[in-house]
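Here is a briefing on one protein model.

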Amino acid sequence: MANFVLQLPKPNTFKCFSISASSNGTPPGSSSSSERGGPVILELPLDKIKRPLMRTRANDPNKVKELADSIKEIGLQVPIDVIEVDGIYYGFSGCHRYEAHQRLGLPTIRCKVRRGTKETLRHHLR
């Protein structure tokens with residue numbers, strides 16, 4: 001549980017309140033988002049993520065370099081989106097972030113993982 005101070009419009013008037021949060025965005029006491037099919041944030045090895053779209057488009061080398069510099073300095077700020085189907089992870093976004101991690105020699109990348117079906121995978125491959 002975290003405590004925050006909220007400054008109200010009147011000078012020297014403060015209000016304290018508490019909020020609760022979980023790392024995956026589900027309300028405390030509820031079932032986890034992975035049980036309901038929602039995304040979870042995981043650190044996955046780069047070599048465990050299949051990149052079906054890498055073969056169809058090239059990344060902008062300047063953008064990759066800028067991202068690599070940023071990741072080196074402050075870390076990855078936005079996880080890449082990954083779909084997990086039958087235990088296999090497929091990445092469809094974050095191509096530049098993924099390549100920046102590769103260039104930096106980082107073994108893992110933070111991912112927002114959703115579970116999907118083979119039909120979901122077919123849809124993304126169209």
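Which pattern does the protein follow, read along the sequence? The pattern is β-β-α-β-β-α-β-β-α-β-α. This is a predicted model: local features need pLDDT of at least 70, side-chain atom pairs count only at pLDDT 80 or more, and totals for chains, interfaces and linings use all residues. Residues are numbered from 1 along each chain as its sequence is written, and side-chain values use heavy atoms, without hydrogens or water.

**Whole protein**
- The protein has 4 helices and 7 strands (DSSP runs numbered from the N terminus: helices are H or I, at least four residues; strands are E, at least two).
- Of its 126 residues, 29% count as buried (under 20% relative accessible area; exposed is over 50%, partly exposed in between; 1.4 Å probe, protein chains only).
- Take contacts (heavy atoms within 4.5 Å) between residues at least 6 apart in sequence: 68% join residues at least 24 apart.

**Helix H2: span and ends**
- At the start of H2, a side-chain oxygen of Asp 60 comes to within 2.9 Å of the backbone nitrogen of Asn 62.
- Gly 75 follows H2, with a positive phi near 85°.

- Val 64, Ala 68 and Ile 71 are buried in H2. Seen down the axis, the buried residues fall within an arc of 70°, so they line one face of the helix (the arc is that of the directions from the helix axis to the C-beta atoms).
- These buried residues pack against helix H3 (95–104).
- The face turned away from the buried side carries exposed Asn 62, Glu 66, Glu 73 and Ile 74.

Definitions and conventions. Polar contact = N/O pair within 3.5 Å; in protein donor to acceptor, adjacent residues only side chain to side chain.
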